[in-house]
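These entries record what I looked up in one structure.

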Amino acid sequence: MPQLMVVSMLLFFALSVPVAVSIGLASMLGVAYDGMTWLVIAQQVYAALDKYPLVAVPFFILAGNLMEAGGISERMVDFAKSVVGGMQGGLACSCVLTCMIFAAVAGSSVATTFAVGAILIPAMVKHGYPKPFAASLQASAAELGVIIPPSIPMILFAVSTDTSVGELFIAGIGPGILIAGTLMIYVWLYARRHGYGKHDGADRLPLWPALKRAWLALLMPAIILGGIYGGIFTPTEASAVAVVYALIVGIFVYRRLTFASLSATLHRSVISTAVIMFVIANAGVFGFLLNRAGIPAALGDWLGMIFHDKYAFLLGVNAALFIIGMFIETSASIVVLAPLLLPVAMQFGVDPAHFGVIMVVNLALGMVTPPFGVNLFAACTVANLPIERLIRPLLPFVAVVVGCLLVITYVPWITLFFKELVYG
């Protein structure tokens with residue numbers, strides 16, 4: 001049965017059947033082959049979705065879209081430009097810094113790409129940066145949306161493996177800072193080498209006026225993360241607080257949210273949520289059937305025979321996840337693979353939060369690599385470019401993130417420092 005399910009799922013992928021539908025059809029074949037009642041599908045779909053932390057997913061998606069529509073992201077951009085925009089290459093660095101700040105609320109890389117890219121890609125082109133470079137930078141920096149907490153893929157990992165959402169969130173802070181800092185260094189060196197961005201500071205606001213204009217926007221991530229780690233509310237409750245805060249600021253303070261824009265924002269958020277939930281529901285059935293067939297134990301024994309220490313195991317997992325992430329959507333990869341791989345990782349002595357961060361960072365690379373990189377398509381849409389124009393300038397950004405991934409993998413304290421500091 002497992003072989004039939006996996007082969008049929010891959011066949012559906014090859015036929016360009018949507019990921020969630022492919023997983024669902026493969027699960028149906030597994031149920032039919034094993035002679036089980038069809039009620040199993042309904043039971044496991046319900047069980048996969050009947051998890052309290054998943055409530056945070058639609059709220060964080062809505063919060064990110066409200067930030068874009070309500071003018072919050074625009075003020076974050078202005079603040080980031082005031083901090084680092086004065087040096088050569090500062091506008092490109094502002095892109096990374098804004099994505100880092102925006103990610104501390106949105107939890108979604110696609111939302112980050114659209115919200116920040118709509119402002120900064122045209123601005124970088126206006127200042128002389130090549131449009132393909134600007135779009136590639138935006139797609140790569142938006143990965144921070146799923147690494148810096150809160151993060152929707154981390155919520156999915158926690159739900160799939162019964163890991164603490166709070167521990168995963170705080171474990172993502174160090175890796176997020178590392179990736180953001182490394183990207184900023186790269187784009188600064190690139191700008192100096194090629195002579196771009198010499199006048200990046202021409203139209204930026206001074207720091208104090210930018211701070212006064214953006215302080216309510218900057219207060220949002222402080223409230224969300226401070227509330228979570230201060231024990232005031234759970235990550236799930238924080239997602240609802242983010243939505244309420246974005247609504248109040250967007251409607252009553254910045255006055256950018258109208259009935260028409262709010263309706264469009266809700267519509268877009270519902271569609272994004274439905275896609276993710278459909279993947280989770282079908283993957284729940286798929287995972288149940290694999291567990292019933294004893295695949296996790298068999299996989300653990302097989303990997304134990306191939307890899308004799310955790311360093312070789314982590315290298316093999318990273319290589320496999322990098323390839324998988326290029327072809328399979330991040331949410332589906334996590335909910336299917338995390339329950340299979342985490343028990344094996346723990347046998348090798350890998351901390352669950354550390355492994356979760358490794359998995360999320362690795363699969364985030366799939367968001368910017370062809371043929372199914374969602375960030376890549378989003379950046380192409382904003383920049384109005386064909387995807388093939390982005391491939392060459394994208395390669396150095398992928399290399400930078402891969403280098404950071406290896407450091408995160410083999411230097412665990414980068415991930416575990418804040419976790420141990422808060423949770424002991």
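Predicted model: local features only at pLDDT ≥ 70, side-chain atom pairs only at ≥ 80, totals over all residues.

Which residues have the most contacts inside the largest nonpolar core, and how many residues does that core have?

**Entry 1: the core.** I found that the largest nonpolar core has 146 residues, and that F313 and F355 have the most contacts inside it. I then looked up which helix gives the most to this core: it is α6, residues 90–106, with 13 residues. As general background, I note that nonpolar side chains tend to be buried together in soluble globular proteins.

**Entry 2: around F313.** I listed the contacts of F313, leaving aside its neighbours within four places in sequence. The partners of F313 are L303, F307, L341, V344, A345, F348 and F355. I note that F355 in this list is itself named, with F313, among the residues with the most contacts inside the core.

**Entry 3: α6 against α7.** I returned to α6 and examined how it meets helix α7, residues 109–126. Their axes come within 10 Å and cross at roughly 160°. Angles over 145 degrees count as roughly antiparallel, and α6 and α7 are therefore roughly antiparallel to each other. I recorded the crossing of these two helices as right-handed. On the α6 side, the contact is made by L91, A92, S94, C95, T98, C99, F102 and A106. On the α7 side, I listed A111, T112, A115, V116, L120, A123 and M124. Sorted by class, the contact of α6 with α7 has 12 nonpolar residues, three polar ones and no charged ones.

**Entry 4: backbone exceptions.** Most residues other than glycine have a negative phi, and most peptide bonds are trans.

Which peptide bond is cis? I found that the bond from P149 to P150 is cis, with omega near -5°. P150 lies in the loop between α8 (131–141) and α9 (152–161).

I next noted D162, which is not a glycine and yet has a positive phi, near 60°. D162 is found in the loop between α9 and α10 (165–171). N384 also went into the notebook, with a positive phi of about 55° although it is not a glycine. I placed N384 in the loop between α19 (374–383) and α20 (391–410).

Are these two residues buried or exposed? D162 has a relative accessible area of 74% and is exposed. N384 counts as exposed because its relative accessibility is 67%, and the cut-off for exposed is over 50%.

Conventions
Residues numbered from 1 in each chain as written. Heavy atoms only, no water. Helix = DSSP H or I, 4+ residues; strand = E, 2+ residues; numbered from the N terminus. Buried < 20%, exposed > 50% of the residue type's maximum accessible area, 1.4 Å probe, protein only. Core = buried A, V, L, I, M, F, W, Y, C linked by side-chain atoms within 4.5 Å. Contact = heavy atoms within 4.5 Å. Axes fitted to C-alpha atoms, helices over the stretch in contact; angles between N-to-C directions. Parallel < 35°, antiparallel > 145°, perpendicular 65-115°, else oblique. Left-handed = near helix turned anticlockwise from the far one by under 90°. Nonpolar A, V, L, I, M, F, W, Y, C, P; charged D, E, K, R; others polar.
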